[in-house]
Amino acid sequence: MTTPHITVTNLTMAYGDFLIQRDLNFTIEHSDIFIIMGGSGCGKSTLLRHLIGLQRPAKGDVFYERQDFWHASDEERVRIMRHIGVLYQTGALFSSLTLAENIALPLGEFTGLSRYEIADIVSYKLALVGLAGFEDYYPSELSGGMQKRAGLARAMALDPEILFFDEPSAGLDPVSARLLDDLIVSLRDTLGTTIVVVTHELASIFAIGTNSVFLDPDTKTMLATGSPKKLLAESSDAKIIQFLTRGESDANKSV
Amino acid sequence: MNTAGTASGQVSFIPVDESTVAMKLSGSWSNDASIRPVEQVLAELSAFKNLKLVLLQAHDLAGWDSRLPAYVLKIIDYCQTRHIEADASGLPEGIQALLKLARAVPERAGARRTTQQKSTLAEIGKTVMNGLKDAKGLLAFIGETLLACATLIRGKARFRSIDLFLCIQDAGPSALPIVTLISLLVGLILAFVGAVQLAMFGAQIYIADLVGLGTVREMGALMTAVIMSGRTGAAYAAQLGTMNVNSEIDALKTMGISPMEFLVLPRMLALILMMPLLCLYADLMGMLGGALVTVSAFDVSLIQYYNETQKAVHLTDFSIGLFKSLVFAALIATAGCMRGMQCGRSASAVGDAATAAVVNSIVYIVVADSVITLICDRLGI
């Protein structure tokens, strides 16, 4: 078996004394679409921040392939981070730059491409997310959904090996959310990108997820890991079943 | 709706047997109705001995909004803590459904924040700890800035030169009008203050010495620093703070670009490059202001004033002023950028960051100025 793309061992997350989650153990394989799910406030986004290098774990390790992410030197960590792309919940575009400049920024900083080649790549990435022709718009001139798609174009700028999505479908209409799901799957299929998604949209979870981890806010640890469909079929944990069926099985029992 | 006279909700108790009481709710329970405080009702309820069951019943409800469910919840909570059963089945179905909904998710243990009376000692301790944390943050920020500068010197810093030029534009030419106005007026004021005293001895000519030395050694640098801390330091804090709120700084980090190099360095460089120039300009404007007053109001010609100034002010004085302005620039940029980078994630945090940036930089400026003046005095320059 090959080395998993990301391995998390005994990860404990805390803000000061306030424990968020403890003893997380899971692996993300190459070309997985990995879902981080759980009720609101359970630390999904915090887990994401630990995986992308924004917050140091209280305990435990994160491995990218065989490399220990948090015990590597700063240069090493930055090198790893150049192979990941992140789509933030709000898009997090640089508001003082146009869309083209936003997407060109990582290309200009980390590649030796000429200005014209970069412009071509920018147009291509914007076209991929359905924003062809919006090069010279500022983020504030776009709707929330368009900002999010532009954020995705920027996250994909350097053709990252791993793409992280923080609640990609939040604030999108159902059709756009579906299109985004399709885009995620095609990215995985064509480029072999490993994808990690924080979400609680059941439709997306079942449509695209090939692997997942379920975080529980009450016991402050993970309850299960595995394919969402398999979890629904095989799990005996009432909380997971309740989550994956929108509480319907639970309602049937109690009424 | 009810007329004004009857717009009130009533609560009455009807004892059913010795361990049961029926609580009848009637009348209007909307926002504008007058209703007895729930504490009174609870006090009455506690007067019943051996109570085991409370029957909540509604009678002739004229209308209700969130007040009624909130009231009933309070009563139910009270009953629960005393092991009295509360039966809400006598209430309208809508209210029952809302009560059920409000109880569907139990309060998370430890989620409620309790405010405890803190002792003065604890408050003092907390203030000191916060101060220490602030000092640590400042040291860390200075360290990071120095590292970024080292990267810059090695030629490896990543920032867009266009950003540097924009910052220079913002911290330099755009500030000229206000610097002109303020330093001209400060020169004017200095001249007037000095003239009143010097005219008593017929020594008006020495106004030139006073204004010249005062602006060049002290006021030019100090006034530009105060202007720039309000103008540019606050802007830096607000810009970086907003970027923090919008996750833009996180985005930079995950892109592998150091925000210290990309955002802080161009701002620092711009201010450090521009401040001495602004200071020099302010010096000239201040002396011009002094000359205006002296030439027009006192019997001194422009040539005399010029000659006297040239005699009084030496290159050393200019250098001291310029050195101060360099130090002030570094302090303002540090305070502004640090507060921006440490900003919390809310709209009010951005405001706090801007305020703190201005307050900090003015404190730093005045303290640094005193220290430098003292050192110059000791060294005799």
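**Figure 1. Confidence along chain B.** Chain B has an average pLDDT of 88, and 98% of its residues score at least 70. The structure is a predicted model. Its scores are ipTM 0.84 and pTM 0.79.

**Figure 2. Two domains of chain B.** Domain 1 of chain B covers 4-104. Domain 2 covers 132-379. Between the C-alpha centres of domain 1 and domain 2 of chain B the distance is 66 Å. Twelve helices and five strands make up the secondary-structure count of chain B.

**Figure 3. Overall dimensions of chain B.** The C-alpha trace of chain B spans about 110 × 60 × 45 Å along its principal axes. The radius of gyration of chain B is 35 Å.

**Figure 4. Packing within chain B.** Of the 381 residues in chain B, 34% are buried. Consider the contacts in chain B between residues at least 6 apart in sequence. Of these, 84% join residues at least 24 apart.

**Figure 5. Where chain B meets chain A.** On the chain B side, eleven residues are in contact with 15 residues of chain A. The chain B residues that touch chain A comprise three nonpolar, four polar and four charged.

Terms used: Residues are numbered from 1 along each chain as its sequence is written. Chains are lettered from A and ligands numbered from 1 in the order in which they are written. This is a predicted model: local features need pLDDT of at least 70, side-chain atom pairs count only at pLDDT 80 or more; totals for chains, interfaces and linings use all residues. Two residues are in contact if their C-beta atoms, placed from the backbone, lie within 7 Å. Ala, Val, Leu, Ile, Met, Phe, Trp, Tyr, Cys and Pro count as nonpolar, Asp, Glu, Lys and Arg as charged, and the others, Gly among them, as polar. pLDDT is the predictor's confidence in each residue, from 0 to 100. Domain bounds come from an automatic or database domain assignment. Helices (H or I, at least four residues) and strands (E, at least two) are DSSP runs, numbered from the N terminus. The radius of gyration is taken over C-alpha atoms; the globule rule is 2.2 Å times the number of residues to the power 0.38. A residue is buried if 20 or more other C-beta atoms lie within 10 Å of its own, exposed if 12 or fewer, and partly exposed in between; C-beta atoms are placed from the backbone.
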